Amino acid sequence: MPTLRKTSPFLLLLLLATLFHLSIGDVGTSSHYRPPYLPTACYGNSSSHFPSSNMFAAAGEGIWDNGAACGRQYLVRCISAAVPRTCLPDQIIQVRIVDRAQTSRSRPSSNGATIVLSSTAFGTIADPSARLVNVEFQQ
């Protein structure tokens, strides 16, 4: 019986860890934007930095970092939205920052988002008709 007392806290911790998803990224919001995407704050009129998959994004002020965000890649997944079932389950995308959301030529579907995804990227993780979703992201 003494062994059971020593393992009980461990088993409880293990049970709690499996019940709750442990996040290793940051949480923020994401909106989307449509063409035209050029010029960008990062690369001007050059489209050579855009991934051929169209999985790219504009950085919101929270991650812009005075332009240091240019070229960074983030893993992004939708975690919730105002409307149930907006997020597409088990979808994680990798996007490259190519612009600054505040100055992008095409305006975001919702202002003030942490990260503004291309329409292709947004549609991969959420219903494209949504204006704003909550996301988990990590560099």
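Here are legends for close-up views of this predicted model. Residues are numbered from 1 along each chain as its sequence is written, and side-chain values use heavy atoms, with hydrogens and water left out. Local features need pLDDT of at least 70 and side-chain atom pairs count only at pLDDT 80 or more, while totals for chains, interfaces and linings use all residues.

**View A. The largest nonpolar core has 24 residues.** Such a core is a set of buried Ala, Val, Leu, Ile, Met, Phe, Trp, Tyr and Cys residues joined through side-chain atoms within 4.5 Å; buried means under 20% relative accessible area, exposed over 50%, partly exposed in between (1.4 Å probe, protein chains only). Look for Val 76, Val 95, Ile 115 and Leu 117, which touch the most other members. A second, separate core of 9 residues includes Tyr 33, Phe 50, Phe 56 and Val 116.

**View B. Here are the surroundings of Ile 115.** Beyond its neighbours within four places in sequence, Ile 115 is in contact (heavy atoms within 4.5 Å) with residues including Ala 57, Ile 63, Tyr 74, Val 76, Val 95 and Val 135.

**View C. Cys 42 and Cys 70 form a disulfide.** The term stands for a pair of cysteine sulfur atoms within 2.5 Å; here they sit 2.0 Å apart. The S-S torsion is about -80°, so this disulfide is left-handed. Cys 42, at 18% relative accessibility, counts as buried, whereas Cys 70, at 23%, counts as partly exposed.
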